[in-house]
Structures are given as structure tokens and as C-alpha cells.
Amino acid sequence: MKKYVALGAVIFLAIGILMAPAGLVDRAADNIEGVDLSQPRGTVWNGQAAVRIRDISLGTLDWRFKPLSLFLFEPAYNWSLHAVTHELQGTIAFDFEHTHIEVAGASEAAPLDSFLSRYDIATSGSFDVHPTRLKVDAQGMLLSADGQIDWSGGPVSYILGGVLYDRQLPPMTVYLDAGDSALPRGVLFEQGGSIPLAFANLAEGGRARVGITKRFTKLLGDPWPGSDADHAVVLEVEEQFF
């Protein structure tokens with residue numbers, strides 16, 4: 001009799017795990033700063049929810065568990081994020097210390113504009129995200145990034161010193177890697193060009209440092225004065241990002 005009771009308990013527990021509601025994912029996301037999941041549907045194994053990051057709506061997130069990943073002791077999911085302006089997909093895997101994310105897809109500029117608007121910058125065009133790998137620690141800190149993102153180019157506007165500027169920029173590419181630093185960075189180039197236009201580095205404590213080169217000021221139609229080389233960083237800003 002005890003054998004059947006134990007077997008029934010195991011079956012009941014297994015069904016409970018398999019049918020665990022997607023709302024549990026929403027509760028887990030509450031522990032990640034800046035991430036908000038709402039309207040969860042399905043289960044923790046196969047479901048979807050609306051997602052916002054730092055108050056920016058990113059559309060609908062779908063996820064599907066990869067059962068074979070359990071044999072690698074690294075639970076993983078396939079995921080996709082879609083909205084009118086973008087379609088991204090990839091995988092997410094968890095080990096004992098880190099979260100590993102792979103992403104690829106395409107997006108219009110609108111989601112990025114939601115972030116850039118706080119800096120009085122507006123972009124246009126479209127982005128092509130080549131397969132890109134990210135590693136994040138348990139506190140949500142980005143530890144590494146490796147990939148490539150292409151931008152189609154187009155009109156850009158920004159406010160500087162109270163004056164509105166409108167510029168037409170060529171297609172560009174940002175390469176993500178660690179470079180000579182242990183922390184991730186992005187380097188921006190004109191497509192087909194060899195002179196860097198801008199650098200973005202994560203610094204200790206979750207701070208982000210962004211620098212633009214003299215070449216970029218020339219593209220913006222306002223060349224930096226002096227005899228600095230085109231690749232020299234002539235303007236740099238830093239602020240808390242994470």
C-alpha cells in the first residue's frame with residue numbers, strides 16, 4: 001500500500017511541476033532589477049508574457065523549455081521576443097553562477113529611441129542583430145558580450161547646448177567583445193571602415209563609459225578642432241547604467 005501511495009505522490013508532484021503556471025516566471029522576474037513581466041500565459045515550460053525593461057515595452061516574450069538541457073546540468077530555453085517593430089529569438093541557459101543568453105534577429109529603431117529619448121537623441125533605420133552571446137551574473141551584471149549589430153544608417157537628430165541638430169549618417173556596425181578589458185565593450189565603425197567612431201565600455205560597479213572619436217565629429221558635420229588623429233577619443237561621458 002505504501003508503495004502505491006509513494007508512486008501516486010511522485011506522479012502528483014511531476015504533474016504539478018509540468019503544469020506550474022507561467023505566473024511563477026513573473027514572480028522570479030521580480031527579483032531582476034528593471035525587468036517586469038505581465039499577463040503571463042501557459043506554464044513555466046512553455047508560455048508567454050508581456051515584457052518591459054526599465055519601463056520600456058518590448059512586446060511579447062515566448063519561451064519553450066529544452067528537456068535535453070537537463071542532461072548537461074544547464075537548464076535552457078528557446079525564446080522569442082516579438083512586436084510590430086522587432087523580431088528577436090535565441091536561447092537562455094542557466095548554470096550555478098551565470099545566465100547565458102544568445103540573441104539574433106532584426107529591429108526597427110523605435111525600441112532604441114525609447115531609451116535614447118532621455119538623452120534628447122532620436123534615430124531611424126533598422127538594425128540587424130547577428131548571433132550575439134551575453135553572460136550575466138546573479139545580480140544582473142553583464143559580464144561578457146560577443147557579437148555584431150549592423151545599422152542601416154539614416155537621419156539622426158539630437159539636442160546639444162539647447163540647439164536641435166539633424167544629420168544623415170551612413171550605415172554602421174558595432175562589434176561587441178571584451179577587447180583588452182575583462183569587461184564587455186562595444187566599438188562602432190562605419191560599415192567597411194577601419195577607423196573607430198565610438199567606444200562603449202562597462203566599468204566596475206555597473207557604470208558605463210562612452211567616448212566618441214574625432215572621426216565621428218566629422219561625420220556629424222562639426223569636426224573637433226586641433227591636430228588629433230581621427231581615431232583619438234575627443235569626448236567621453238560616464239554614468240551609472242546597472
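1. Among contacts in the chain between residues at least 6 apart in sequence, 32% join residues at least 24 apart; contact means heavy atoms within 4.5 Å. This is a predicted model, in which local features need pLDDT of at least 70 and side-chain atom pairs count only at pLDDT 80 or more, while totals for chains, interfaces and linings use all residues. Residues are numbered from 1 along each chain as its sequence is written, and side-chain values use heavy atoms, with hydrogens and water left out.

2. Overall composition. The chain has 4 helices and 16 strands; helices (H or I, at least four residues) and strands (E, at least two) are DSSP runs, numbered from the N terminus. Of the 242 residues in the chain, 32% are buried. Buried means under 20% relative accessible area, exposed over 50%, and partly exposed in between (1.4 Å probe, protein chains only). The accessible surface of the chain comes to about 14700 Å², and carbon and sulfur atoms account for 62% of that surface. Accessible areas come from the Shrake-Rupley method with a 1.4 Å probe; for residues, only the protein chains shown count as cover.

3. Strand 2 (residues 46-53) runs antiparallel to strand 3 and is joined to strand 3 by 8 bridges; two strands pair if DSSP finds at least two bridges between them. Within this pair, Arg52 stands opposite Ser57 in strand 3. The two strands form a hairpin with 2 residues between them, and Arg54 in the turn has a positive phi of about 50°. Strand 3 also pairs with strand 4 (residues 76-83), in the antiparallel sense over 6 bridges. The bridge partner of Trp63 in strand 4 is Trp79.

4. Phe65. Phe65 belongs to strand 3 (residues 56-65). Is Phe65 buried or exposed? Phe65 has a relative accessible area of 14% and is therefore buried. Leaving aside neighbours within four places in sequence, Phe65 is in contact with Trp45, Leu70, Pro75, Ala76 and Tyr77. Phe65 and Thr43 are 22 residues apart in sequence, with a C-alpha to C-alpha distance of 10.0 Å.

5. The second largest pocket. About 180 Å³ of space lies in this pocket. Strand 5 (86-94) and strand 6 (98-108) are the elements that give two or more residues to its lining. The largest share, 3 residues, comes from strand 5. The lining residues are Lys66, Leu68, Ser69, Leu72, Glu74, Ala76, Thr91, Ile92, Ala93, His100 and Glu102. On a 1 Å grid over the protein atoms alone, a pocket is an open set of points where a 1.4 Å probe fits, with protein on both sides within 12 Å along at least five of seven lines; lining residues have an atom within 4 Å of a point. Grid points are joined across faces, edges and corners, and a volume is the space filled by probe spheres set on the points.

6. The open sheet 7-10-11. Three strands form an open sheet in the order 7-10-11, with antiparallel pairing. Strand 7 (121-122) and strand 11 (163-169) stand at the edges with a single partner strand each, so one side of each is left without a neighbour in the sheet. Strand 10 (residues 154-160) is joined to strand 11 by 7 bridges. Ser157 has Asp166 as its bridge partner in strand 11.

7. Thr132. Strand 8 (residues 126-137) contains Thr132. Thr132 is buried because its relative accessible area is 3%. Not counting residues up to four places away in sequence, Thr132 touches Ile101, Glu102, Val103, Asp146, Gly147, Gln148 and Leu176. One of these, Gln148, has its backbone nitrogen 3.5 Å from a polar atom of the side chain of Thr132.

8. Strand 13 (residues 185-190) and strand 14 run antiparallel and are joined by 5 bridges; Leu188 has Ala198 as its bridge partner in strand 14. Between these strands lies a hairpin turn of 5 residues, where Gly192 has a positive phi of about 85°. Strand 14 pairs with strand 15 (residues 207-213) in the antiparallel sense over 6 bridges, and Asn201 stands opposite Arg209 in strand 15.

9. Ala203. Ala203 lies in strand 14 (residues 196-203). Its relative accessibility is 15%, so Ala203 counts as buried. Ala203 touches Leu183 and Arg209, not counting residues up to four places away in sequence. Ala203 and Glu238 are 35 residues apart in sequence and 9.1 Å apart in space, C-alpha to C-alpha.

Conventions: Polar contact = N/O pair within 3.5 Å; in protein donor to acceptor, adjacent residues only side chain to side chain.
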